[in-house]
Amino acid sequence: MTDWKVTLSEVDLLESDIEAVAETLRSGWLTMGPRTQELEAAFAEFIGAQHAMAVASGGAALHLACAALDLALGDEVIVPALSFVADANAPVHCGATPVIADSRSLASPNLDPADVERRITARTKAVIAVHMFGYPADVDALREICEPRGIAIIEDGCQAVGGRFADGARLGTKGLAACFSFFSKTKLGAGEGGIITTDDDAVEASVRSLRSHAMTSVTWDRHRGHAETYDVPELGFNYRIDETRATLALARLGRLDDELDALRGVVRGYRERLAGLDGVEVPFSDAEVELSGHFAFPVLVADAERRDGVRERAHAAGVQTTFYPALTQLTAFRRGADDGCPVAEEFASRHVALPLASRLDDAKLDLVVETLGAALAA
């Protein structure tokens with residue numbers, strides 16, 4: 001179905017964005033040049049980090065963050081069951097084993113620090129804390145558990161760019177490194193692309209090297225006469241970002257806070273309309289709404305059967321929805337948590353993600369909620 005009355009999300013591009021990309025194309029320099037450097041400087045300042053390194057995707061960012069830890073065969077990385085598959089893939093690409101941990105509760109479905117502590121072994125080298133749906137994970141609690149044990153924390157902010165912790169700090173400033181995505185559905189959507197932030201000089205050096213085949217200089221350096229040739233001291237990857245995507249992400253960064261303000265208004269509108277609707281639970285708190293990066297708006301219904309029925313009827317009415325499986329429900333990772341992750345699995349089976357966009361007006365909000373109510377009553 002392509003004639004949706006309300007789509008799941010919208011790509012909100014301005015004519016100035018398109019012109020900036022066109023200017024980049026006319027410049028004749030298309031990969032990892034001055035615009036990439038400008039994006040990195042602006043993004044580091046926006047997040048409040050010392051360093052930012054742009055890469056090919058959010059998945060590449062997670063892989064490089066894990067690679068910077070020198071993970072080896074036998075090492076373990078704890079990842080949340082309620083997350084995207086890239087969080088489990090990243091340690092696997094480094095030879096390590098992902099250990100899948102449960103969510104805290106249905107109302108607060110991010111990573112449960114108590115379950116993380118229960119799963120720590122002598123082989124645990126890192127925890128990936130995902131700010132799922134854009135809402136902040138409890139990184140402060142994770143730090144209390146991990147730092148005395150020398151366990152690194154990587155923040156996955158791919159769904160949460162621009163969000164904040166309760167103390168006002170931007171999401172992505174409390175781990176050793178943080179990873180963000182420029183995938184189309186994200187708030188800095190450029191089609192593909194990603195970026196890593198860190199205050200750690202060693203992590204920065206590792207990522208800058210590994211993202212471009214571990215070459216000691218890149219083409220832009222040689223073009224400016226800063227290097228004659230290059231060496232390759234280790235195995236690296238082709239995780240470079242192109243200048244057009246860097247340009248588009250940079251253009252959108254300047255209005256990100258305004259877009260998030262608009263999204264918070266949409267989410268408040270949803271929560272007000274859903275407050276009296278039987279058969280629906282809305283996770284997260286009102287206070288967390290003001291902190292979130294608002295990647296998606298999930299609601300909970302009775303069970304998986306009801307979830308599937310709601311989605312079928314919503315789609316028939318022209319309202320697009322989706323849901324996100326738990327990692328333990330995916331074939332490749334069903335053995336990642338031997339005793340399962342019951343909270344995350346229940347959340348995954350019961351939730352529906354409703355349309356969310358900054359330009360979702362009252363009429364469309366009413367249509368979505370009325371459609372949901374009719375589907376639940378059927």
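Reader: Where is His294 placed in this model?

Author: The model is a predicted one. His294 sits in the loop between helix H11 (286-289) and strand E8 (297-300).

Reader: Is His294 buried or exposed?

Author: Look at relative accessibility, where under 20% means buried. His294 has 0% relative accessibility, so it counts as buried.

Reader: What is its phi?

Author: The phi of His294 is positive, about 50 degrees, although His294 is not a glycine.

Reader: Which loop holds Met32, and what is the phi of Met32?

Author: Met32 lies in the loop between helix H1 (15-27) and helix H2 (34-47). Its phi is positive, about 45 degrees, and Met32 is not a glycine. Met32 has a relative accessible area of 8%, so it is buried.

Reader: Gly28 is in the loop between H1 and H2. Is Gly28 buried or exposed?

Author: Exposed means over 50%. Gly28 has 58% relative accessibility, so it counts as exposed.

Reader: How many Å separate the C-alpha atoms of Gly28 and Ala287?

Author: They are separated by 47 Å. Along the chain, Gly28 and Ala287 are 259 residues apart.

Reader: What describes two packed helices?

Author: Two things do: the angle between their axes and the distance between the axes. Now take helix H3 (residues 58-67) and helix H4 (residues 86-93). Their axes come within 8 Å and cross at roughly 40 degrees. That angle makes H3 oblique to H4. The crossing of H3 and H4 is right-handed.

Reader: Which residues make the contact?

Author: From H3, they are Gly59, Leu62, His63 and Cys66. From H4, they are Ala86, Asp87, Ala90, Pro91 and His93.

Reader: How many residues of the contact of H3 with H4 are nonpolar, polar and charged?

Author: Five are nonpolar, three are polar and one is charged.

Reader: Which residues of helix H7 (residues 201-210) are buried?

Author: Use the cut-off for buried again: under 20% relative accessible area. In H7 the buried residues are Val203, Glu204, Ser206, Val207, Ser209 and Leu210.

Reader: What happens at the start of H7?

Author: Find Asp200 there. One of its side-chain oxygens reaches to within 2.9 Å of the backbone nitrogen of Ala202. The cut-off for a polar contact is within 3.5 Å.

Technical notes. Residues numbered from 1 in each chain as written. Predicted model: local features only at pLDDT ≥ 70, side-chain atom pairs only at ≥ 80, totals over all residues. Heavy atoms only, no water. Axes fitted to C-alpha atoms, helices over the stretch in contact; angles between N-to-C directions. Helix = DSSP H or I, 4+ residues; strand = E, 2+ residues; numbered from the N terminus. Parallel < 35°, antiparallel > 145°, perpendicular 65-115°, else oblique. Left-handed = near helix turned anticlockwise from the far one by under 90°. Contact = heavy atoms within 4.5 Å. Nonpolar A, V, L, I, M, F, W, Y, C, P; charged D, E, K, R; others polar. Buried < 20%, exposed > 50% of the residue type's maximum accessible area, 1.4 Å probe, protein only. Polar contact = N/O pair within 3.5 Å; in protein donor to acceptor, adjacent residues only side chain to side chain.
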